[in-house]
Amino acid sequence: MEILELKPVAEQLFTDLCALSFDGVGVTRDSYGAGETAAAGYLRDFALRHGLQAQADRAANLVFRLPQADAGAPATWVGSHLDSVPQGGNFDGLAGIVAGLLCQLRQARTGQRSRVPLQVVGFRGEESAWFGKAYIGSGALLGKLCAADLALAHRHSGESLAACMAAAGADIAAIRAQELLLDKAKVHAYLELHIEQGPVMVARGLPVAVVPGIRGNVRHNQIRCIGEAGHSGAVPRWLRKDAMFAVADLIMRLDAHWRVLLERGIDLVVTTGMVSTSPQAHSVSRIPGMVNFSFEARSKSVETLESFYQLLRTECKAISRDRGVRFEFDRRIESAPATMDGGLSERLAQACRQRDLPFEQVPSGAGHDASLFANAGIPSGMLFVRNEHGSHNPDEAMDIDDFLLGVQVLDDTIASL
Ligand SMILES: [Zn+2]
């Protein structure tokens, strides 16, 4: 039996989960919340109906195994995330879990088991959109969540991450103690298939690509610029402490630094957003006394992230002096860049060649659970599948035939381990 014969199963899974998670605009599967739990429940039932085993781990991630699999034996892990951003797309994360399940179904139906047992994991809480923190489910397994992370508040309900994780069935005491909830020696390799979230593969005409590495990031979910509110008609420019002009000045300075660094060939992307004055206080005729905004920089290099972050702080100090404002920073949050295992990348490339697929190496600008496994010293590999219209929006468009080519490559690679 070939992977391609499982196309109707893949289509059914994507269709059902899209309908289950539809919010009127896109799909919403909130991290450690109702949408994510509903998707996990659907996938658990699907797996059990098809003769696979499914159970939650201590971080409430969903783990799938083949029947009669020895849960204690080293395994090849294939994982991705169950959650989505608000009004997101159906394929971000889900594609990787469905890919792993198709590989397991093929093994279950043919009886041709891979030499290293295959375990599939649906991670919870990969998206930072809900709690301002990414990789929650995989991070919890690896003992990476600190007390400040667990105290983060849900964007809508304000409930703490710890409370939401506990409600989903996670072992909060162990996670709070930063216990390692998996035995690294039992993870033979970690593989992740994911849609590309940028425009490169469509432009290059590539159905699949091997991912050599993942950018890291440094962030503040909220920086507050505090100046002095005043009457827009009555205060002359030289006496103003305008928080809005100060933030605009900062952003233009960061953009100038960014352009110079790019000219030197340095890998960097910079984003600010969530810019707001207080809706209770602001008006057309009021000089803004306070502006909130977010900051994010991503790069393949830790040194670049650190130096750009220091530039941000230096410019904030300079603007404070120039414009009579001050900046307050919430907790600095960072994710390390990651390099995928050379041997696994070569195996993925070899599988592409054997199937006569054109492919290239395409680095990932977006973060993935694979980066945590790679940085924990577990050999990790990633495969991208072509996707149009970007990601984190309802217009993600992955062709099911491209997807099946990707699953075929994944299946061949699993068999080669
Ligand atoms: Zn994703």
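Biologist: Is H81 buried or exposed?

Modeller: In this predicted model, H81 is found in strand β3. Burial requires under 20% relative accessible area. H81 therefore counts as buried, at a relative accessibility of 0%.

Biologist: Which residues does H81 touch, not counting residues up to four places away in sequence?

Modeller: With residues up to four places away in sequence not counted, the contacts of H81 include G93, L94, I97, E126 and D369. The list also holds F123 and E127. Among the remaining contacts of H81 are D92 and H194.

Biologist: Which residues are the protein donors of the zinc ion?

Modeller: The donor atoms lie 2.0 to 2.2 Å from the zinc ion. Along the chain, the donors follow the spacing H-x10-D-x101-H. The protein donors are H81 (NE2), D92 (OD) and H194 (NE2).

Biologist: How many residues apart are H81 and D92, and where does each lie?

Modeller: H81 belongs to strand β3, which covers residues 75-81. D92 lies in the loop between β3 and α3, the latter being 94-110. The pair links distant parts of the chain, and its separation is 11 residues.

Biologist: What is the largest C-alpha distance among the residues H81, D92 and H194?

Modeller: An unreviewed UniProt entry covers H81, D92 and H194 with the annotation "binding site". These residues are spread over 114 residues of sequence, yet they cluster in space. The lining of the largest pocket includes H81, D92 and H194. Their largest C-alpha distance is 9.5 Å.

Biologist: Why does D92 count as buried?

Modeller: D92 lies in the loop between β3 and α3. The limit for a buried residue is under 20% relative accessible area. D92 is buried because its relative accessible area is 3%.

Biologist: What is the largest C-alpha distance among D92, E127 and H392?

Modeller: The UniProt annotation "binding site", from an unreviewed entry, covers D92, E127 and H392. The lining of the largest pocket includes D92, E127 and H392. Although these residues are spread over 301 residues of sequence, they cluster in space, with a largest C-alpha distance of 10.0 Å.

Biologist: Is H392 buried, partly exposed or exposed?

Modeller: H392 is found in the loop between β16 (380-385) and α13 (400-416). Leaving aside neighbours within four places in sequence, H392 is in contact with V85, G88, D92, E127 and Q197. The relative accessibility of H392 is 42%, so H392 counts as partly exposed.

Biologist: Why is the ring pair of F123 and Y190 described as tilted?

Modeller: The structure holds seven aromatic pairs. In the pair of F123 and Y190, the ring centres are 6.3 Å apart. Planes under 30 degrees apart count as stacked and those over 60 as edge-to-face. The planes of F123 and Y190 stand at 40 degrees, so the pair is tilted.

Biologist: How many residues apart are F123 and F373?

Modeller: The ring centres of F123 and F373 are 5.7 Å apart and the planes stand at 45 degrees, so this pair is tilted. F123 is in strand β4, and F373 is in helix α12 (residues 369-375). The pair links distant parts of the chain, at a separation of 250 residues.

Biologist: Which residues do ring pairs link into a cluster?

Modeller: F123 is buried, with a relative accessible area of 0%. F373 also counts as buried, at 0% relative accessibility, and Y190 is buried. Ring pairs link these residues into a cluster made up of W77, F123, Y190 and F373.

Biologist: Which ring has R332 lying over its face?

Modeller: R155 lies over the face of W130, at 6.0 Å from the ring centre. R332 lies at 4.2 Å from the centre of its ring, over the face of Y309.

Definitions and conventions:
Residues numbered from 1 in each chain as written. Predicted model: local features only at pLDDT ≥ 70, side-chain atom pairs only at ≥ 80, totals over all residues. Heavy atoms only, no water. Phe/Tyr/Trp six-rings, centres within 6.5 Å; stacked < 30°, edge-to-face > 60°. Buried < 20%, exposed > 50% of the residue type's maximum accessible area, 1.4 Å probe, protein only. Helix = DSSP H or I, 4+ residues; strand = E, 2+ residues; numbered from the N terminus. Lys NZ or Arg CZ within 6 Å of the ring centre and 35° of its normal. Donors = N, O, S within 2.8 Å, 3.2 Å for Na, K, Ca; no water. UniProt positions renumbered as here; feature names shortened; annotations may be inferred. 1 Å grid on protein atoms, 1.4 Å probe; cavity = no way out; pocket = protein on both sides within 12 Å on 5 of 7 lines; lining within 4 Å. Contact = heavy atoms within 4.5 Å.
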